[in-house]
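Open the model in your viewer and show it as a cartoon. The tour below moves from the whole chain to single residues.

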Amino acid sequence: MRISPVFLCRLLAPAVAMACTTGSTMRTTPAVAGTGVANTPPLIIAHRGASGHRPEHTLEGYALAVQMGADYIEPDLVSTKDGQLIARHENEIGGTTDVASKFPARKTRKLVDGDTIAGWFTEDFTLAELRTLRATERLPFRSHAYDGQFLIPTFDDVLALADSLGRARGRAVGVYPETKHPTYFRSIGLPIEEPMLRLLRSRGLDRADAPVFIQSFEDGNLRTLATQTRVRLVQLVSTASQVTPAALRDMATYAYAVGANTRLVVGSEVNAVPTTVIADAHAAGLRVHVWTLRPEAVFLAKRYGGDPIAEVQELVRLGADGLFGDYPDQIARGLRR
Ligand code: G3P
Ligand code: CA
């Protein structure tokens, strides 16, 4: 999809204003002594866009995130039936679109990465069919005011938007794609990696210094990608066994950063003692990007007493290099305090 000037203006107007008033520039600071790891303020990574404010993975949500100060916007990537990459958190889209009302007969059941799931799957729809859908909010306790309004974007739409927004604010908007279910998609003949790299190359973004990170929960595809691209790679982890010093040293052979669940960095209990994961990762030469900061009581650790800014500040104190959050405005506020 071409981003039309009118559409862009509608998305951009506040972002441009903010960029002009803040005079934002790329961040550069010296390395942490003895680690070789840069001591920069954490990157603000808009998790699925400004997904606390708009339905996740929509151009409107990504644009709002940039307006709120995000350095990077995060599209999770899955494939359509005709091999196009689109931004969705998972290939089952019953919970984030109006597919159930538009294609009721397409409901099915599949085994994906060991889980049997009932619903509607992106790999069963062409891009043209998916373009007829509109995004809806996943979580019942968040606003549904925008349900039914926004398209499902392709990865190329996201790259085009980031390019346009970056030019408008005079500072690159980074893109942080995640390959979702990469082994599964390859097994059905719809691999994620090749079209992702093709699209990055088509925009001159297959470079070590491009404002791009590629992330995955699987290590197999990242190890292969390390031989195919110079884009920085991020290994997502969610268990303690994945972040032992030895595991981190191995990770550093192919990854630029570890993307760690917040609970691996600080336990949720009020008196939890922070772990050494960030220090260990830095010692291994890895950056640490932490996910996912969310302020609602069901997500926020009790130790922060209901104050999401306290979580931001603790992660900053511990040396996190990037923070994924559904509310990039809150992270920006936490970083300024
Ligand atoms: O990519 C970081 C974080 O997004 C991983 O969790 O499930 O939200 O993709 P998920
Ligand atoms: Ca993700």
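Two residues count as in contact if their C-beta atoms, placed from the backbone, lie within 7 Å. Of the contacts in the protein chain with a separation of 6 or more, 66% are between residues 24 or more positions apart. The model on screen is predicted. Its protein chain holds 13 helices and 13 strands, and 45% of the 337 residues count as buried.

**Stop one: residue 42**

Select Pro-42, in the loop between helix 1 (5–22) and strand 1. Is Pro-42 buried or exposed? A residue is buried if 20 or more other C-beta atoms lie within 10 Å of its own. Pro-42 has 22 such atoms within 10 Å, so it is buried. Now show what Pro-42 touches beyond four places away in sequence: Val-316, Ala-320, Asp-321, Gly-322, Leu-323 and Leu-335.

**Stop two: helix 13**

Select residues 328–336, which form helix 13, and colour its buried residues Pro-328, Gln-330, Ile-331 and Gly-334. These residues are on the same side of helix 13 because they cover an arc of only 155 degrees around the axis. What do the buried residues of helix 13 pack against? Select strand 1 (43–46), helix 2 (59–67), strand 12 (287–293), helix 12 (308–318) and strand 13 (322–325) to see these partners.

**Stop three: strands 9 and 10**

Go to strand 9, residues 213–216. Show the side chains: Phe-213 and Gln-215 point one way, Ile-214 and Ser-216 point the other way, and all are buried. To find one of the bridge pairs, pick Ser-216 and its partner in strand 10, Gln-235. Next trace the chain from strand 9 to strand 10 through helix 8 (residues 220–225); this β-α-β crossover is right-handed.

**Stop four: helix 5**

Finish with helix 5, residues 155–169. How far does helix 5 reach from its first C-alpha to its last? The span of this 15-residue helix is 21 Å, close to the 21 Å expected at 1.5 Å a residue. Colour the buried residues of helix 5: Phe-155, Asp-157, Val-158, Leu-159, Leu-161, Ala-162, Leu-165 and Arg-169. Then select Gly-170, which follows helix 5 and has a positive phi, near 75 degrees.

How values were computed:
Residues are numbered from 1 along each chain as its sequence is written. Chains are lettered from A and ligands numbered from 1 in the order in which they are written. This is a predicted model: local features need pLDDT of at least 70, side-chain atom pairs count only at pLDDT 80 or more; totals for chains, interfaces and linings use all residues. Helices (H or I, at least four residues) and strands (E, at least two) are DSSP runs, numbered from the N terminus. A residue is buried if 20 or more other C-beta atoms lie within 10 Å of its own, exposed if 12 or fewer, and partly exposed in between; C-beta atoms are placed from the backbone. The arc is that of the directions from the helix axis to the C-beta atoms. Two strands pair if DSSP finds at least two bridges between them. A crossover is right-handed if, with the strands pointing away from the viewer, the path from the first strand over the helix to the second runs clockwise. The expected span of a helix is 1.5 Å times one less than its number of residues.
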